Amino acid sequence: MQAVRAAHAFDGARFLPGGATVLHESGRIVGVVTGAADLPDGVEVTEHAGTVLPGLVDGHTHLVADGTIGGLERAGALSDAEIDTVIASSLRAHAVAGVTTVRDLGDRGFRTLASRERPGLPRVVASGPPLTIPGGHCHFLGGVVDGDLRAVVAEHAGRGVDVVKVMASGGFATPGTDQLGTQFTVAELTGLVDAAHDAGLPVVAHAHSLAAMQNALAAGVDGIEHFTGLTSQGPRIDDDLLDEVARQGVYVGLTMGNDRSLHALMPEPPPALAALMARLGVGSFDELYASRMRDLSRLREHGVAVVSGVDSGMAPPKQHGNVWRTVGEMVESGYPVAEALAAATSVAAEACGLAAETGRLAEGYAADLLVVDGDLAEDPSLLGRPRHVLVRGTPVDLA
């Protein structure tokens, strides 16, 4: 048996007074004791002056993308061996940043499924190729639906995916797709959701447009990613929509967590995206990001369950391992620190179907632990300085 003792502790829902000692054995937490506890003889204890908390969860990653511009599109043309190399590198980047679980929402060839339980690397909740229309967003990943939606869902279920990802609108990474419109009707999405639920699988929808968000909500999806609310007159997210999202218990990921210092280094957007930004009255990435921060505040006001997720791997500001940045953004937008940390641990674990497995410091849970310098309750930016990481009880080499 081993133990991690820290002067401060967050258990996935609240800060524990006096810190905590987390005992673990065979990859599982076997006890959590607050304060300075006497331990049985023979227990190997690692002492820390900082904060221990559950490992972080990135609820929206693309492990086949390498964080460069065009990386996801290039994945469509890589060999399986090349993709597997990118996946391994991506998982390593997450692990050293204290991320112990990722939800991959778009790979190619179901390649992420083989990486779900690698020792010392984050567990993977995998969707396989996202479902899209011919020529639609991320069609190059292979999840094109050209006929029976139920048959495509059945194929994904047969391959062993954990979640179904559907592209309800166009996307910025695929030129020529409609970010302001929809890719599937409500009836089509409803059939897809029913088929997935019959197979025991949740459905997460990519939706930039307000219309796609409305369609996804009407169809009964379990999560909506991006949630941008784009219309031809500019972004719009009405209060009644937020109330309905909260009522249905739909998890929302705004795919933030950018390294904003890199916005200025991004190349000029391609003509189609530049035209769309001008049409929406958005002059820069920073301006767009400021509007997303305001959206965060409104989501909290309406009781919407927000989960951490970066869309990591998609671009230089969205590197794998960036999910810690979402916590600071939530605090900046008015969330208490504990609530923001929960969004990146226990709430995100719930959204990934892992509420009883990870995201909490509690007996019986996986020994997914992160230790950072200092007191997170006072300074959430410390989350960016991991000092000790365990993934299912296996230490991660942070060197």
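Modeller: Strands are DSSP runs of E, at least two residues, and helices are runs of H or I, at least four, numbered from the N terminus. Two strands pair if DSSP finds at least two bridges between them. The model is predicted: local features need pLDDT of at least 70, side-chain atom pairs count only at pLDDT 80 or more, and totals for chains, interfaces and linings use all residues. Residues are numbered from 1 along each chain as its sequence is written, and side-chain values use heavy atoms, without hydrogens and water.

Colleague: Which residue of β12 stands opposite E225?

Modeller: G253 does.

Colleague: In what order do the strands of the open sheet lie?

Modeller: The order is β9-β10-β11-β12, four strands with parallel pairing. At the edges, β9 (164–167) and β12 (251–253) each pair on one side only.

Colleague: What packs on the sheet?

Modeller: Helix α5 (residues 210–219) does, touching β10 (203–209) and β11. Contact means heavy atoms within 4.5 Å. The direction of α5 makes about 155 degrees with that of β10. Such angles run from 0 to 180 degrees between N-to-C directions, with axes fitted to C-alpha atoms, for helices over the stretch in contact.

Colleague: And the core?

Modeller: In soluble globular proteins, nonpolar side chains tend to be buried together. Here the largest nonpolar core has 99 residues; L56, F227, L299 and L383 touch the most other members. A core joins buried Ala, Val, Leu, Ile, Met, Phe, Trp, Tyr and Cys through side-chain atoms within 4.5 Å. Buried means under 20% relative accessible area (1.4 Å probe, protein chains only). Helix α5 gives the most to this core, six residues.

Technical notes. Buried < 20%, exposed > 50% of the residue type's maximum accessible area, 1.4 Å probe, protein only.
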